[in-house]
Amino acid sequence: AQETSLAGLSGDLVAARGLGRLQRAPDLSGEASLLFGDAVDGSPLVLVASVPQALALAGVDQRERALLTALLLALVAIVAVAIAFNRHLAGIAAAQRADATRRELDTLARREALLKAVVNAHPGALLLIRDGRTVVLVNARFAGEIGTDAPALVGKPLETVLPAAWRPAVLELLRRRGDAMTVRTDFKDAQQRSYAALVASLSDSAGQPGAALVLVDEITEQVQARERRARVYRGIVAILLEAIDQRDPAAAAHARRTGVLARAIAVRLGEGERDVETAALAGSLQGVGKLFVPEALLRKTAKLSAEDHQTIDDAAQHWLGLLAQISIDYPVAAVSRMAHEIGYAKWGAAGNDSLLRTAYIVAAANAFVALTSPRAYRPARSVADALGELTQAIPQLPADVLEALGHAVETRKIED
């Protein structure tokens, strides 16, 4: 049986053409083995050598396990190094972000300190508001005015932090600002202290109106000094007007009435104190050019010719040139020239410029007084006719100026 099995085993090797080569196959006992068979020269016999596979490969398996273990440990080490390196990189990135954040915070802190230094250096009260009402920033001067620490005012509605005496003027400026970049006004408190208030619109990154800067400065001393100078100006104007009245009796008190009416119109329109005073002075000086008009022309009873009108215009231009050389706190010279050109239909501009608006006030007052005053060559117009002619004489006259003029006439302010 053993020989038969061996013969069968050798036959399997021959059939598998495995002679001369190492093969894996079951041995006689069925155990997995490594077999080597080779033919015996000159004989039909086959020599077969068999070694159990477990015994033959014991060393190989051990080396494989050792190699696999080493590879596994190396893989674990690589993963650990990768994790550690990633954590290191993340730590570096976090440190860089933290450092960048610290730098940004330091920059913001420096900018905030600089901004506070700038706003606190402003001698008047300063507020920054957003959305038209919420306080974002105030300076030390404003906080001291109301006796509260500046940080405590941030985030509060503007109406609740403004002093009562300032509230009407500031809120009115905020209402009026509209598309204008800046609007200003002067006002007084119950103690007759004078203030100048200004609101400047600030646009956001999209160019839309967002925040607003509010400045309130006490100008009591400046106003008092200005009023003293204004009294001097009015004294000089009175002397000039007296000289005009002596030369042109038919136009007696014309300049005085123009000044009074211009002031009344400006007050009715809610103009600031500076604009009111400018309108009054410029109105009073509109007729000073008559000092340079020939007396015969002033007393002429016939209708004035185009040449006569040119002579009067030349005299007015001469006076305006002299007026421009006089140093006055108010823009009287500029307003007087604009008003003259409006009256002579030489000014075609329109807009919201404060000087141009004051000039329209003076031009309207001067034209109305001229129309309702008798002249050597014509009788006085009625009030109704004069108001009707005004819109034709000054086509671009703002409607509110005409309304304020009518109100002043109705309430007899022109006679004050």
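Guide: A salt bridge is a side-chain nitrogen of Lys or Arg within 4 Å of a carboxyl oxygen of Asp or Glu. The model here is predicted, and the structure holds 14 salt bridges.

Visitor: What makes the pair Asp-99 and Arg-102 a salt bridge?

Guide: The N to O distance between their side chains is 3.6 Å. The cut-off is within 4 Å, so the pair counts as a salt bridge.

Visitor: How many residues apart are Asp-99 and Arg-102 in helix α3?

Guide: They are three residues apart in helix α3 (residues 58-121), and therefore about one helical turn separates them.

Visitor: Why is Asp-99 called partly exposed?

Guide: Its relative accessible area is 31%. Buried means under 20% and exposed means over 50%, so Asp-99 falls in between. Arg-102, with 47%, is also partly exposed.

Visitor: What makes Arg-133 and Glu-159 a salt bridge?

Guide: Their side chains meet at 2.6 Å, N to O, and the limit is 4 Å, so the pair qualifies. The pair links distant parts of the chain, 26 residues apart. Arg-133 lies in the loop between β4 (125-130) and β5 (134-138), and Glu-159 lies in helix α5 (residues 158-161). Arg-133 has a relative accessible area of 34% and is partly exposed; Glu-159, at 28%, is partly exposed as well.

Visitor: How do you know whether Asp-189 is buried or exposed?

Guide: Asp-189 has a relative accessible area of 7%. Buried means under 20%, so Asp-189 is buried. The side chain of Asp-189 meets that of Arg-193 in a salt bridge of 2.7 Å, N to O. Arg-193 counts as partly exposed, at 33% relative accessibility.

Visitor: Which residues do salt bridges with shared partners join into one network?

Guide: That network is made of Asp-99, Arg-102 and Arg-103.

Visitor: Why are helices α7 and α9 called roughly parallel?

Guide: The axes of α7 (residues 220-247) and α9 (residues 273-284) cross at roughly 15° and come within 10 Å. Angles under 35 degrees count as roughly parallel, so α7 is roughly parallel to α9. Their crossing is left-handed.

Visitor: Which residues make the contact between α7 and α9?

Guide: On α7 they include Val-223, Arg-226, Tyr-233 and Leu-241, and on α9 they include Glu-273, Arg-274 and Leu-281.

Visitor: What residue classes does the contact of α7 with α9 have?

Guide: The contact has six nonpolar, one polar and six charged residues. Ser-284 of α9 is among the contact residues.

Technical notes:
Residues numbered from 1 in each chain as written. Predicted model: local features only at pLDDT ≥ 70, side-chain atom pairs only at ≥ 80, totals over all residues. Heavy atoms only, no water. Axes fitted to C-alpha atoms, helices over the stretch in contact; angles between N-to-C directions. Helix = DSSP H or I, 4+ residues; strand = E, 2+ residues; numbered from the N terminus. Parallel < 35°, antiparallel > 145°, perpendicular 65-115°, else oblique. Left-handed = near helix turned anticlockwise from the far one by under 90°. Contact = heavy atoms within 4.5 Å. Nonpolar A, V, L, I, M, F, W, Y, C, P; charged D, E, K, R; others polar. Buried < 20%, exposed > 50% of the residue type's maximum accessible area, 1.4 Å probe, protein only.
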